[in-house]
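Work through the exercises below with the sequence and the model open. Try each task before reading its solution.

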Amino acid sequence: MIKSILTSVVGIYIALLIMRLVAWTVLERFFTAHKFNPRAVIVSDLATTFFLVLVTAPIVTKLIAYMDLRVTVPHAIASLPLAARLVLYIVLADLGHYCVHRLMHHPRMWRIHKWHHSPTHMSWAAGNRESLLDAILVNSAYAFLWPIVGGLPYWLGAMLLVFNILKNDWMHLNVRLSLPWLEWLFVTPRYHHIHHSANPSHFNSNFSIVFSIWDRLFGTYTPPDVPRDSLEFGIGERPPLPRLMLGV
């Protein structure tokens, strides 16, 4: 089951791509938060997006299926209704993603995640830069916990993949949006933009992916209430692209 779900990620990505290109580009065009020249980056942004879909995703899918890392689910959890197990899976997988994300910001692991932070602009497409090792580590956290939702209908598994794709777009969306009441529980674009900031005072903060509560619990929260024009992005260097893409 997990193999078939993971394999479908490529097809889902391609099916969604046109919708995302139109919807997100229009939103970023009319509600831009951080100004940049789209024409200067459109080729690199689309190239890295297609690389993720056509190269990285298939490789990672096969590797994770081969490793077959799965948690043993206690009977008390396995006997819960599917809806409860689905919520539990989303919460625990998000916590796992937070932990992996934070780990990749450790100096010894930073090269794995560096490509993701390399763009000097913020946009939904810029967020698709994910090295091979980055993708393996992140997706392993989700695959490891997958038995919690064992027996999940195929269509619901596909919807989870769609959710994962769109949540990454949402986090990196370059739009003017201030929802402080929502940020008590969920990550918003401006919340995650702080994480990508090149300002040293913002380093190692706002690692959360879906639920912002992890940053508050583990002391990595930085309030996103900063002037938009004060934020700059990028890593301040240009390492060889092959090394960035591999994460080595």
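The exercises cover a helix, a histidine, salt bridges, a helix pair and a loop residue.

The model is predicted: local features need pLDDT of at least 70, side-chain atom pairs count only at pLDDT 80 or more, and totals for chains, interfaces and linings use all residues. Residues are numbered from 1 along each chain as its sequence is written, and side-chain values use heavy atoms, with hydrogens and water left out.

**Exercise 1. Check the span of helix α7 (residues 132-144) against its number of residues, then list its buried residues.**

Step 1. Helices are DSSP runs of H or I with at least four residues, numbered from the N terminus. The expected span is 1.5 Å times one less than the number of residues.

Step 2. For the 13 residues of α7 this gives 18 Å, and the end C-alpha atoms are 18 Å apart, so the two values agree.

Step 3. Buried means under 20% relative accessible area, exposed over 50%, and partly exposed in between (1.4 Å probe, protein chains only). In α7 the buried residues are D134, A135, I136, V138, S140, A141, Y142 and A143.

**Exercise 2. Describe the surroundings of H101.**

Step 1. H101 lies in helix α5 (residues 82-103). Its relative accessible area is 5%, so H101 is buried.

Step 2. Contact means heavy atoms within 4.5 Å. Leaving aside residues up to four places away in sequence, H101 touches H113, H192, H195, F207 and I209.

Step 3. One of these, H113, also has a polar contact of 3.3 Å with H101, side chain to side chain. A polar contact is a pair of N or O atoms within 3.5 Å; within protein, one must be able to donate a hydrogen and the other to accept it, and residues adjacent in sequence count only if both atoms are side-chain atoms.

**Exercise 3. How many salt bridges does the structure hold, and which residues do they join?**

Step 1. A salt bridge is a side-chain nitrogen of Lys or Arg within 4 Å of a carboxyl oxygen of Asp or Glu. The structure holds six.

Step 2. One of them joins D169 and R20 at 2.6 Å, N to O. This pair links distant parts of the chain, with D169 in helix α8 (residues 154-172) and R20 in helix α2 (residues 9-30), 149 residues apart. Both D169 and R20 are buried.

Step 3. Another joins R70 and D68 at 2.8 Å, N to O. R70 is partly exposed at 46% relative accessible area, and D68 is partly exposed at 45%.

Step 4. E237 and K114 meet at 3.4 Å, N to O. Here too distant parts of the chain are linked: E237 is in the loop between α10 (213-218) and α11 (241-246), K114 is in helix α6 (residues 110-117), and they are 123 residues apart. E237 is partly exposed at 41%, whereas K114 counts as buried at 13%.

**Exercise 4. Classify the crossing of α8 and helix α9 (residues 189-196).**

Step 1. The two axes come within 7 Å and cross at roughly 75°. Axes are lines fitted to C-alpha atoms, for helices over the stretch in contact, and angles run from 0 to 180 degrees between N-to-C directions.

Step 2. Angles under 35 degrees count as roughly parallel, over 145 as roughly antiparallel, 65 to 115 as roughly perpendicular and the rest as oblique. Therefore α8 and α9 are roughly perpendicular to each other.

Step 3. The contact is made by W170, M171 and H172 of α8 with P189, H192, H193 and H196 of α9.

**Exercise 5. Is V149 buried or exposed, and which residues does V149 touch?**

Step 1. V149 is in the loop between α7 and α8. Its relative accessibility is 0%, so V149 counts as buried.

Step 2. Not counting residues up to four places away in sequence, V149 touches R85, L86 and Y89.

Note on methods. Helices (H or I, at least four residues) and strands (E, at least two) are DSSP runs, numbered from the N terminus.
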